Amino acid sequence: MAQVLPAEHELRRVIGDESTPDGEVEGLDESDLIELYRSIVLLRTYDERSVVYHRQGRIGTYAIFWNHEAMQAGSVHALEDEDWIFPSYRESAIGLLRGMPPATVLSWWRGHPSGWWNPADYNVASICVPIGTHVPHAAGLAWGKKLKRERAVAIVYFGDGATSEGSFHEGANLAGVTGAPLVLFCNNNQWAISTPITAQTKAEALVDKAVGYGIPGIRVDGADVLAVFEATREAVERARDGGGPTFIEAVTYRTAPHATADDPRAYIDVERVEEERKRECVGRYEGYLRRLGVLDESIAEQIRAEAADAMRRGIADAEAEPPADPELLFANAYVDPPASFGSDLQELRRILSGE
Amino acid sequence: MSELFLVEAVNDALHTELARDDSVMVLGEDVGRAGGVFRATAGLLDRFGADRCVDTPLAEAGTLGGAVGLCMAGWRPVCEMQYDAFSYPCLDQLITHVGRYRWRTGGRMEFPLTIRMPYGGGVRAPELHDDSPEAYYVHTPGVKVAIPSTPADAKGLLAAAIRDPDPVVVLEPKLIYRTARGEVPDGEHVVPLGRARLAREGDDVTLVAYGAMVPLCERAADAIDASVEVLDLRSLKPLDEEALLASAAKTGRVVIVQEAPRTAGFGAELAAILAEKAILDLRGPVLRVTGYDVPYPYWQIEDAYMPSVERVADACRKLLSF
């Protein structure tokens, strides 16, 4: 039986700093470490290019995830392909780590129908926009897999603000009582748009929520990709072995605006942001790999170039999509749509054709 | 055929469908050990086990949200909401996800879930055990809504809902759970969604109703000196528009009866359809007999809120003398 009470408060870390030596993660060889680097760089590149594309008017409003890449890449690397991922909009590009083309996600942010994928193709659920409402979905899927005696586990991503939502609670509780093989992954970046964590909860740490559900809680440095990987691997192994859900609180700091439409200078501590940016997750992992002698500039440059190239092709492919057909208005909501869809479509065609 | 009460027919449908399809499961509050507060799920736990008849935590949004995930894992969940008004927390999931998820996947995933609940007033119950929330459900894109008024339809519509590839809400009129009694086919019995039932044929005026208002309209038909047609819609979405327009064309007079509050209720939608498509067939205005635009009242005065034989008969007389 895993430790439930009290939940741990000390942040788990692997990557060292001036005062602490680097640790290591058992079971990861050099090629694993480089693959993880490839993932974290791909996400960083996706995010930085998307902000540029937004400024160029090539995608719509975009939710930035700069300095969240370690949480996403580290946790996904602890999963198997059969495991399901339930992203929020902060993890919009997480499907890239499952082979989804960047054009698909860019199309989502362009509001084009080609951006809506079949979750079963990647075991990545649709991007959830209303905060925390996908936690019950992930609990239900994980429970449903368990009832069917399948091996798959699920992971659901949400932010610190989501822990105030009723649906987070109902989903976490459902996972607890059903013993669903689920990882509840909270990326605590300490801000919900302009609301700081201190206005979100009186709890000393979000990981303490785990105690109320009778499940283990892990607290990890969210900018330490190796610590995130190791913590998630532990939670996934427990889930797969029948040990039920785990709550992971990954602590980081939001160093970018909430989204392209947000100007955080009105509310955020600018000096703190500058301080946090110095310890952002990609640079820290690079430093670790260089100290270990696994990464040199030529490999790093090659990986960055691959990612940049993938994005160039991605935006080109997204922009090459033909304009969306307005007739799609009536597609896909029902397997078996009401008769009114037929007459509405006929009427719309007539109006659009100007007859 | 068996002679069953309406709620027994619901139970029969659940037993039949769980036996027919291994992926069907029932979940909700008190559906297992207790067999449901109205006994609608009695016997399922013993017969099909705790994996397929699940007592959930007391969390309607969590239950419906969980059902979305269960669909993704290959199940066909049937969620019970214990009472009409207790379903409101689940509207969050219904509106934001249940009605949208198939669309969100570009039509590539199915969400064949059913939500069923007892609904409606007249049962001398505490507050929020009496609501008629059909308009919220019908208004939600991506969702279908059925409401039976007879035991045979209670079985057949629920079976259709469970087998339907889209999410379906089935509202069961609790007022007549144990007063409506009738012949119900044994074994598999499916009443397709989207087909109304002519409960009574007549020539002078059409009463359009669903749920517990159907037997009320039949009593009203007996009470007035005219030839009254009673159309039981059975399914609000998809709607049998053809049957509605055919009856309006036949009698030229339509009274719509619903126990939900009047404003923006389903009756308003029916009246709008008649205005758009039957205007030349009508010999008078489309009238509505509905609950009032007030919170459902204290039960000592609920009979004054509910549409009554007198109010329906009064509307018919007004229309006949228009």
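**Strands, domains and the chain contact**

Reply: This is a predicted model, and a place to begin is chain B, where strand β4 (residues 76-80) and strand β5 (residues 114-119) pair in the parallel sense over three bridges.

Me: Which residue is the bridge partner of V78(B) in β5(B)?
Reply: The partner of V78(B) in that strand is T114(B).

Me: And what is the order of the strands in the open sheet of chain B?
Reply: The sheet has seven strands in the order β3-β2-β4-β5-β7-β6-β12, with mixed pairing. Since β3 (53-55) and β12 (235-237) of chain B are the edge strands and have a single partner strand each, one side of each is left without a neighbour in the sheet. On average, and ignoring direction, neighbouring strands of this sheet are turned by 20° against each other.

Me: Switching topic, what domains does chain B have?
Reply: The domain assignment gives domain 1 (2-184) and domain 2 (197-320) of chain B, and their centres, taken over C-alpha atoms, are 26 Å apart. Their contact involves 24 residues from domain 1 of chain B and 21 residues from domain 2 of chain B.

Me: What classes of residue are on the domain 1 side?
Reply: The side of domain 1 of chain B that touches domain 2 of chain B has 13 nonpolar, five polar and six charged residues.

Me: How many residues of chain A are in contact with chain B?
Reply: There are 34 residues of chain A in contact with 35 residues of chain B. On the chain A side, α5(A) gives the most, with 10 residues, and the residues of that side divide into 19 nonpolar, 11 polar and four charged.

Conventions:
Residues numbered from 1 in each chain as written. Chains lettered and ligands numbered in written order. Predicted model: local features only at pLDDT ≥ 70, side-chain atom pairs only at ≥ 80, totals over all residues. Domains from an automatic or database assignment. Contact = placed C-beta atoms within 7 Å. Nonpolar A, V, L, I, M, F, W, Y, C, P; charged D, E, K, R; others polar. Helix = DSSP H or I, 4+ residues; strand = E, 2+ residues; numbered from the N terminus. Pairing = 2+ DSSP bridges. Axes fitted to C-alpha atoms, helices over the stretch in contact; angles between N-to-C directions.
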